[in-house]
Amino acid sequence: MDTLSGRRALVTGGGGAIGRVALGTLLDLDVDEVVVTGRRREPLDEVERLAPGRVRGHQMDVAEDAAWTRLLTEVQSDGRGIDVLVACAGVARRAPYLEGRLEDWEEMWRTNVLGTLLAARHLVPGMSERGWGRIVLISSAAAHIGLPGRAVYGATKAAIEALARSLAAEFGGCGILVNTIAPGMYLTSMTEAFLEANPATAAAIRDRIPVHRFGQVGELAEAFRLLVTTTYMQGASLRVDGGWTAT
Ligand SMILES: NC(=O)c1ccc[n+]([C@@H]2O[C@H](COP(=O)([O-])OP(=O)(O)OC[C@H]3O[C@@H](n4cnc5c(N)ncnc54)[C@H](OP(=O)(O)O)[C@@H]3O)[C@@H](O)[C@H]2O)c1
């Protein structure tokens with residue numbers, strides 16, 4: 001049976017909907033400790049209560065380089081490193097391309113791209129030293145198909161997919177496996193308000209998805225499980241989208 005016993009993991013955005021699925025999967029796999037990051041304290045307190053002593057919340061902005069240094073200094077003060085990274089932190093701002101606000105574009109690039117780059121840059125050296133690491137980055141169906149109002153978000157997610165492939169190429173020889181999950185449309189705080197406010201668009205998306213429904217976040221658990229325990233998947237992008245991007 002697969003187990004991550006003896007390992008320590010980190011989930012960015014682990015207080016969010018999809019991050020909590022990653023967290024639950026890691027705990028089910030018996031990982032010793034999961035460090036969960038986010039900017040707000042309340043979700044971190046909630047996830048700490050899920051498994052007292054095994055989940056450690058850490059408030060930080062993923063796009064702040066110095067915050068990563070502070071995190072690692074604090075967490076690794078016991079001499080143990082972080083073996084598994086799941087990078088879920090992300091933001092999505094929708095707008096017709098020509099009406100997009102520069103501050104929204106910058107927020108998406110900062111969080112989705114710079115935040116993921118920094119996560120990998122800070123965690124890869126330790127994994128490399130120990131000769132073992134698993135990295136799962138979260139992209140999106142928007143990295144694979146064109147969607148109106150999602151040009152910038154899709155571009156940030158395509159950047160994440162490119163990053164995963166290059167990290168896989170550069171660090172595969174160090175025992176580090178890097179893969180991406182590209183979720184389709186899931187009902188979370190990131191999507192629900194938009195889908196409710198735009199029923200015609202919601203129906204059009206649902207119709208285009210071959211299974212004719214949106215995903216439930218729990219349906220991502222098997223993908224997380226596969227990619228944190230795989231011994232040979234490398235540089236892959238797993239599309240878990242009900243077939244949305246296949247059509
Ligand atoms: N929902 C979908 O249908 C869908 C589809 C494809 C891909 N995704 C991707 O899946 C990931 C998770 O999305 P979700 O649906 O679970 O949304 P969510 O519930 O809003 O979770 C997003 C998480 O990211 C954290 N975060 C945002 N900005 C941050 C920053 N600057 N620094 C640190 N943490 C930050 C948030 O925590 P704080 O606000 O406390 O910082 C939150 O925990 C995202 O990368 C998203 O793009 C979602």
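Let's start with glutamate 106, which counts as partly exposed because its relative accessibility is 48%, and the cut-off for exposed is over 50%. Please keep in mind that this is a predicted model. Where does glutamate 106 sit? Its place is in helix H4, which covers residues 102-130. Glutamate 106 and valine 152 are 46 residues apart along the chain, yet their C-alpha atoms are separated by 9.5 Å.

Which pocket holds the ligand? The ligand sits in the largest pocket. Two elements each give two or more residues to the shell around the ligand: helix H1, residues 17-28, and helix H5, residues 151-171.

There are 29 residues around the ligand, and the ones that come nearest are Ile18, Arg39, Tyr153, Tyr186 and Thr188. What is the make-up of that shell by class? You'll find 13 nonpolar, twelve polar and four charged residues in the shell.

For alanine 17, a backbone N or O atom lies 3.0 Å from an oxygen atom of the ligand. With arginine 40, the side chain is involved: one of its polar atoms lies 2.9 Å from a ligand oxygen. How much of the ligand's area does the protein bury? Taken alone, the ligand exposes 880 Å², and the protein buries 94% of that.

As background, most residues other than glycine have a negative phi. Aspartate 30 is not a glycine, and still it has a positive phi of about 70°. You'll find aspartate 30 in the loop between H1 and strand E2, the strand being residues 33-38. Is aspartate 30 buried, exposed or partly exposed? It is partly exposed, because its relative accessible area is 40%, and that class lies between under 20% for buried and over 50% for exposed.

Histidine 212 also has a positive phi, of about 55°, although it is not a glycine. This histidine 212 has its place in the loop between helix H7, residues 199-208, and helix H8, residues 221-229.

Methods:
Residues are numbered from 1 along each chain as its sequence is written. This is a predicted model: local features need pLDDT of at least 70, side-chain atom pairs count only at pLDDT 80 or more; totals for chains, interfaces and linings use all residues. Side-chain values use heavy atoms; hydrogens and water are left out. A residue is near a molecule or strand if one of its heavy atoms lies within 4 Å of it. A polar contact is a pair of N or O atoms within 3.5 Å; within protein, one must be able to donate a hydrogen and the other to accept it, and residues adjacent in sequence count only if both atoms are side-chain atoms. Accessible areas come from the Shrake-Rupley method with a 1.4 Å probe; for residues, only the protein chains shown count as cover. On a 1 Å grid over the protein atoms alone, a cavity is a set of points where a 1.4 Å probe fits but cannot get out, and a pocket is an open set with protein on both sides within 12 Å along at least five of seven lines; lining residues have an atom within 4 Å of a point. A molecule sits in a cavity or pocket if more than half of its atoms lie within 2 Å of its grid points. Helices (H or I, at least four residues) and strands (E, at least two) are DSSP runs, numbered from the N terminus. Ala, Val, Leu, Ile, Met, Phe, Trp, Tyr, Cys and Pro count as nonpolar, Asp, Glu, Lys and Arg as charged, and the others, Gly among them, as polar. Buried means under 20% relative accessible area, exposed over 50%, partly exposed in between (1.4 Å probe, protein chains only).
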